[in-house]
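Please read this briefing alongside the sequence and the coordinates, which are shown just below. It is arranged by topic, so that each group of points can be checked against the model in turn.

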Amino acid sequence: MSVEKNGVHISIQHLEKSFGDIEVLRDIHLEIQPGEFVAIVGKSGCGKSTLLRHVAGLEVVSAGEIKQDYHRINGLNQTARIMFQDARLLPWETVLTNVGIGIGLKKNWKEQAKKALQQVGLEERANDWPSILSGGQKQRIALARALAAQPRLLLLDEPLGALDALTRIDMQELITDLWQQKKFTALLVTHDVSEAIMLADRVVLIEKGKVHMDIQVPLPRPRNRSSAVFAELEEKVLAEVLGKKVGKKDSGQLKRVANE
Amino acid sequence: MKKKNWAKSYDKATPWLLPFLLLVLWQWLSSAGWISSKVLPTPIEVIAAGIQLSANGELAGNIGVSFTRAFIGFMIGGGIGLFLGLLNGIFPVAERYLDATIQMLRNIPHLALIPIVILWFGVGEEAKIFLVIIGVFFPIYINTYHGIRSVDRGLIEMGKVYSLSKWKLFSKIIIKGALPSILVGLRYALGVMWLTLIVAETVAASSGIGYMAMNAREFMQLDIVVLAIVLYALLGKLADSLAKLLERYLLKWNPVYWKK
């Protein structure tokens with residue numbers, strides 16, 4: 001129990017959001033257990049990023065409510081940290097100071113920032129300017145910044161979307177490792193179904209502003225992309241995302257035929 | 001090794017090559033009688049005038065007076081411009097009340113105020129300093145305001161999500177993001193500062209470089225007139241070089257300023 005307490009509990013009830021006449025979220029219900037890793041997938045424009053921004057407290061709900069540890073989120077969610085798609089590092093500060101931003105540059109931030117940098121394996125870049133880093137390194141720094149304050153909730157807004165395939169696999173492993181160590185609650189928004197299954201305990205599909213599917217990923221970690229269960233699960237979610245109704249068995253057979 | 005050193009110093013000297021050749025050409029044309037001494041004195045005569053005026057302290061005194069006017073005017077005008085630029089950039093309320101008025105006043109050429117300024121202040125120090133203040137204010141104001149408005153919104157949002165204090169948000173993100181633009185304003189303002197001073201000192205003054213030139217004109221001392229022009233050029237270049245140095249120091253994070 002004490003381990004699980006590190007992450008927060010999130011409960012979303014009847015959440016609705018419209019921008020003017022456009023309804024982005026319609027009657028969303030979602031329970032996230034402490035320490036759980038939930039991935040939200042969906043086509044672009046389905047409202048998944050808006051949902052994440054609500055949990056961060058960056059948007060005002062039109063109706064319904066979001067509770068964190070049974071308290072309504074009102075204004076900016078101070079326990080949450082976001083990792084954005086673009087790293088959003090300050091170009092005029094060193095890598096170390098950028099990580100220190102995660103602790104608000106308060107007392108003793110340097111030591112904590114150094115530790116966080118070690119966790120992502122970039123402590124030797126502490127005094128460099130961000131502009132000389134590669135895209136993958138920038139996202140590692142952003143991850144270190146997000147985790148520096150030991151947040152109980154990590155929100156990931158397509159953080160690996162702009163990275164190349166190999167770097168992305170590295171980052172997925174790093175995120176899994178750190179999540180297993182720290183036991184924070186994680187909410188990942190992505191359009192990459194395989195990434196969702198690789199990382200998450202649960203995959204939630206949002207379509208037209210509603211929860212369309214919510215399935216567990218019963219795979220042990222470390223996960224293997226080439227396992228049959230992984231592939232089957234990926235196909236199932238993909239079929240739902242694309243709106244194709246394919247029978248479970250058929251899809252398996254189709255795949256086998258295609259491979260032969 | 002020696003050859004390399006020689007090449008390096010040659011590289012450093014290249015910008016000065018053309019001015020030097022022009023001086024030699026000027027001297028040669030004058031001494032050969034192609035240019036009448038009533039039109040243009042020779043460079044050596046100008047230098048001689050400089051040495052003579054330095055010897056009796058007149059030159060240093062006049063430069064000192066001009067420099068003091070420039071400095072005081074620049075500090076006051078630049079200070080007000082910076083303050084109002086920050087105020088209007090950060091607080092939309094202030095912008096609503098003030099910006100339109102400032103933009104209206106900006107369209108009055110400040111040198112057109114010379115007659116009224118002389119009526120108000122006479123030909124004393126206040127008149128010159130007042131004109132410099134007005135001239136310097138607008139470029140600093142506009143570039144500060146524009147710099148703040150164009151700070152990356154994503155970075156500001158990041159700072160808010162990471163719950164930076166208001167002061168940290170201002171000092172680490174807003175000011176530093178606006179700094180490149182503010183420095184452009186500074187360099188521009190330095191140019192306007194000299195220009196204003198030259199005109200003001202030539203029209204109405206009883207000391208300063210411009211006065212020195214006007215006085216020499218009365219006695220047909222062409223060498224001193226040219227000396228005054230050269231001095232303005234040198235002082236302008238000096239101010240610009242200092243601003244460049246400042247830019248290089250404050251924006252050292254920007255790859256543009258890295259030496260290869």
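Predicted model: local features only at pLDDT ≥ 70, side-chain atom pairs only at ≥ 80, totals over all residues.

In chain A, an open sheet of 6 strands runs in the order β6-β7-β8-β3-β9-β10, with mixed pairing. Chain B meets chain A through 18 residues of chain B and 24 residues of chain A.

**The hairpin of β1 and β2 in chain A**

- The strands β1(A) and β2(A) run antiparallel and are joined by 7 bridges, with Ile10(A) having Ile32(A) of β2(A) as its bridge partner.
- The hairpin has 2 residues between the strands, and Gly20(A) takes a positive phi near 65 degrees there.
- Asp21(A) is placed in the loop between β1 (10–19) and β2 (22–32) of chain A, and this residue counts as exposed because its relative accessibility is 80%, against a cut-off of over 50%.
- Although Asp21(A) and Leu174(A) both belong to chain A, they are 153 residues apart in sequence and 41 Å apart in space, taken from C-alpha to C-alpha.

**A buried asparagine in a loop**

- Asn77(A) lies in the loop between β5 (71–72) and β6 (80–83) of chain A, and it counts as buried because its relative accessible area of 5% falls under the 20% cut-off.
- The side chain of Asn77(A) reaches the backbone oxygen of Val55(A) at 2.9 Å.
- When residues up to four places away in sequence are not counted, Asn77(A) touches Val55(A), Ala56(A), Gly57(A), Gln68(A) and Leu153(A).

**Backbone geometry to check in chain A**

- Tyr70(A) has a positive phi of about 70 degrees although it is not a glycine; its place is in the loop between β4 (63–68) and β5 of chain A, and with a relative accessible area of 60% the residue is exposed.
- Lys183(A), which is likewise not a glycine, has a positive phi of about 60 degrees; its place is in the loop between α5 (165–182) and β8 (185–189) of chain A, and with a relative accessible area of 35% the residue is partly exposed.
- The peptide bond from Arg221(A) to Pro222(A) is cis, with omega near -5 degrees, and Pro222(A) lies in the loop between β10 (210–216) and α7 (228–242) of chain A.

**The interface of chain B and chain A**

- Chain B and chain A bury about 2100 Å² between them, with 67% of this area on carbon and sulfur atoms.
- Val161(B), Tyr162(B) and Trp253(B) supply 34% of the area that chain B buries against chain A, which is more than any other three residues supply.
- Across this interface there are 4 salt bridges, and one salt bridge is formed where the side chains of Lys172(B) and Glu93(A) meet at 3.9 Å, N to O.
- The interface of chain B and chain A also holds 9 residue pairs in polar contact, with both residues at pLDDT 80 or more.
- On the side of chain B that touches chain A, α7 (153–161) and α8 (166–203) of chain B each supply at least two residues, and α7(B) gives the most, with 6 residues.

Key. Residues numbered from 1 in each chain as written. Chains lettered and ligands numbered in written order. Heavy atoms only, no water. Helix = DSSP H or I, 4+ residues; strand = E, 2+ residues; numbered from the N terminus. Buried < 20%, exposed > 50% of the residue type's maximum accessible area, 1.4 Å probe, protein only. Polar contact = N/O pair within 3.5 Å; in protein donor to acceptor, adjacent residues only side chain to side chain. Contact = heavy atoms within 4.5 Å. Pairing = 2+ DSSP bridges. Buried area = accessible area lost by both parts, 1.4 Å probe.
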